[in-house]
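This briefing looks at a two-chain structure and the way its parts are put together. Please read the notes alongside the sequence and the coordinates shown below.

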Amino acid sequence: MAYDVKAVKRQWEGYETPRQWGRYPVEHEPIHRHCHMLEDENPRFLEEGHCPPVMVDYFASLGPYPPADYDIFPVIRAIPTPGDRLINLNQEFEWFRPVKVGDRLGASHKVVAIHQRGTRLDPLSVWIRTETSIVNQRDELVARRTNQILVHRTPEEIAAGTSRA
Amino acid sequence: MTAGLCWSQVRAGEELKGFSLELTMTRMVAQVSGTQDFYPVHHDPEFARQGGHRDIFANTAFLRGCLCRIVTDWMGADGFLRALSFQMRRPNFLGETIAVRGRVRKTIAPDRVDLELWIENGGEVTVPATATVILPAS
């Protein structure tokens, strides 16, 4: 049976996860690792306990283990798609408040849009847009992130004409 | 890092101080450790090739970290990164070198600065981006 993107849209667009709190509070050590991978010597991050803005979803996540709980992966995995390979396409962040070591962050994820459009990777590629809201321990909105991810089949699956959904 | 940058000092067209990073295997290990993104396409070459890619490539959190770094280096301690938007047009693969660049697009009184950012790789812009920063007015 052909993939029914309309049925998938009806079922999943608007779905929102309950808020989950990050497994750990905002801590120095992951900030140090983040900075070292980028050769970022900014003392505000390395010494003064300010959280790099782009790390807020990291600290709001249950990840890394088990991998199935990492950020939006459980939601993406639950949506029926022909393939199961993922590649992120674009992201937008808005920040409303600074975050420091010791804060606790939580996130909820919403499926905003699903559509199907072929790409060079797969003629049956599915594009999924999600919106993540991140709050702190005072229930204040810290950041909002929109993410668009592509779900595709492997070349082997395409050659065989198989589809998982 | 710029110390005490304020809005009145900023001019449209001004370039941000960029930097380059070589995507060595060590860096690719660091990007997995630093982001905790263990999706295998970023560390397992066989998995990446099975998915139709020629090799492993840098993940989203690493690339946006690069974009964030160029902004936070420039804006200094008193700036606030308000927004960042970016597209990943093509993967940045193991063995390649990326250059992170930026310039001031426009200033909007009393405190807003819009930036144009990008990541270059082999003469091609692989990640175009925009950002908005709030600075002390003066």
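A:Glu39 is partly exposed, since 13 other C-beta atoms lie within 10 Å, and this residue sits in the loop between α2 and α3 (43-46) of chain A. The model is a predicted one, and in it A:Glu39 has a positive phi of about 55° although it is not a glycine.

**Backbone features**

- A:Asp139 is a residue other than glycine with a positive phi, near 65°, and it is found in the loop between β4 (126-135) and β5 (141-152) of chain A.
- With 8 C-beta neighbours inside 10 Å, A:Asp139 counts as exposed, because the cut-off for that class is 12 or fewer.
- In chain B, a cis peptide bond with omega of about 10° joins B:Ala109 and B:Pro110, and B:Pro110 belongs to the loop between β3 and β4 of that chain.
- B:Gly76, which comes just after α3(B), takes a positive phi of about 80°.

**Chain B as a whole**

- Chain B contains three helices and five strands, arranged from the N terminus on as β-α-α-α-β-β-β-β.
- The C-alpha trace of chain B spans about 55 × 25 × 20 Å along its principal axes, and 38% of the 138 residues of the chain count as buried.
- Among contacts in chain B between residues at least 6 apart in sequence, 67% join residues at least 24 apart.

**Helix α3 of chain B**

- The 16 residues of α3(B) reach 23 Å from the first C-alpha to the last, which is close to the 22 Å expected at 1.5 Å a residue.
- This helix is mostly covered, with 15 of its 16 residues buried.

**Contact between the chains**

- In the contact between the two chains, 31 residues of chain B meet 29 residues of chain A.
- On the chain B side, α1 (25-35), α3 (60-75) and β2 (80-87) each supply at least two residues, and the largest share, 10 residues, comes from α3(B).
- That side of chain B divides by class into 15 nonpolar, 12 polar and four charged residues.
- The axes of helix α2 (residues 28-38) of chain A and α3(B) come within 10 Å and cross at roughly 80°, so α2(A) is roughly perpendicular to α3(B).
- The residues that make this helix contact are A:His34, A:Met37 and A:Leu38 of α2(A) and B:Phe62, B:Gly65, B:Cys66 and B:Arg69 of α3(B); by class they are four nonpolar, two polar and one charged.

**The sheet**

- Strand β2 (residues 85-95) of chain A and β2(B) run antiparallel and are joined by five bridges, with B:Ser85 as the bridge partner of A:Glu92.
- Within chain B, four bridges join β1(B) to the antiparallel strand β3 (residues 97-108), where B:Glu22 stands opposite B:Thr97.

How values were computed
Residues numbered from 1 in each chain as written. Chains lettered and ligands numbered in written order. Predicted model: local features only at pLDDT ≥ 70, side-chain atom pairs only at ≥ 80, totals over all residues. Contact = placed C-beta atoms within 7 Å. Nonpolar A, V, L, I, M, F, W, Y, C, P; charged D, E, K, R; others polar. Pairing = 2+ DSSP bridges. Expected span 1.5 Å × (residues − 1). Buried ≥ 20, exposed ≤ 12 C-beta atoms within 10 Å, placed from the backbone. Axes fitted to C-alpha atoms, helices over the stretch in contact; angles between N-to-C directions. Parallel < 35°, antiparallel > 145°, perpendicular 65-115°, else oblique.
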